[in-house]
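Hi everyone, thanks for making time. Let me put the model on the screen, and then we can walk through it together.

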Amino acid sequence: DVSHGPILYLEDVTLSFDGFKALNGLNLTLDDGELRCIIGPNGAGKSTMMDVITGRRKPDKGQVFFGQNINLLELPEHEIARGLVGRKFQRPTVFEQLDVADNLELTLAGKRSPWAVLRAKRTAAEREQIDEILDTIGLLTHRHKLAGTLSHGQKQWLEIGMLLAQNPRILLVDEPVAGMTGEEMARTAELLVSLAGKRTVVVVEHDMAFVRKIARTVTVLHQGSVLAEGSLSAVQNNPRVIEVYLGE
Ligand code: ADP
Ligand code: MG
């Protein structure tokens, strides 16, 4: 694996909902280019952690830094989304009435308005960018298909492509294989592995078979902080982790 030093730091992050600490002194460091799996029982704080990283929620306390110098707590959500952190929610949200290539064009970094996109001719640079993404997500031959006619797995890949079009340094992916066939899962594992290296990929996932396919380092969240971190086998054999999962 390629490692280029830390790209994301969360330090002592706490966030309460009506006095209940969804995040409670959370510390997390991600190396640039790594593929990290985040697991943990329901309610552990995984989604809230992603809300904090993407600027959707601001914590009560703590630090969130992108690299050495960018304080994510000082940036609004839309600026974090532009080139820093892309987030894929569980359910795919593509423009069903548009074809695959138009879906990608609409999300290309710093693009014209949707109306201009649909009326104007693509530039050569845009075509090249779109082709590269189509190739990455395995949908080159589906470029003219309406997104609404894609399979569930293909929609998920398209949405990952739409995030790539915004060129994020960190890609957060929430339960990417929920509802996928075995074959789609295998292709998704390959895709996420191939995306890491050039950028940092964080996968929140319940499916342990899938985690086994892709995991380098696994972080286990529990009650808003890190319970264990390490290789999948190390965290699976950690008595505190076993206890938490048995108690679920
Ligand atoms: P996970 O994604 O790991 O299942 P969440 O981050 O969604 O966990 O939730 C962590 C805890 O915070 C849970 O106990 C959840 O009920 C609580 N929580 C999350 N969002 C809200 C909210 N908007 N209002 C109140 N409590 C919330
Ligand atoms: Mg969640």
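Let's begin with a question: which residues does Ile 214 touch, not counting residues up to four places away in sequence? They are Leu 35, Cys 37, Ala 189, Leu 192, Val 193 and Val 203, where contact means C-beta atoms, placed from the backbone, within 7 Å.

A word on conventions. This is a predicted model, with local features needing pLDDT of at least 70, side-chain atom pairs counting only at pLDDT 80 or more, and totals for chains, interfaces and linings using all residues. Residues are numbered from 1 along each chain as its sequence is written, while chains are lettered from A and ligands numbered from 1 in the order in which they are written.

Back to Ile 214: together with Leu 158, Ile 214 has the most contacts inside the largest nonpolar core, which has 65 residues. Such a core joins buried Ala, Val, Leu, Ile, Met, Phe, Trp, Tyr and Cys residues through C-beta atoms within 7 Å; buried means 20 or more other C-beta atoms within 10 Å of the residue's own. Helix H6 (residues 152–164) gives the largest share, 6 residues; helices here are DSSP runs of H or I, at least four residues, and strands are E runs of at least two.

Now the sheet. It is open and antiparallel, with 4 strands ordered E2-E1-E4-E5; pairing takes at least two DSSP bridges. E2 (20–31) and E5 (70–71) each have a single partner strand, so one side of each is left without a neighbour in the sheet. E1 (residues 6–17) and E2 share 8 bridges, and Phe 17 has Phe 20 as its bridge partner in E2. Thanks, all!

Note on methods:
Buried ≥ 20, exposed ≤ 12 C-beta atoms within 10 Å, placed from the backbone. Contact = placed C-beta atoms within 7 Å.
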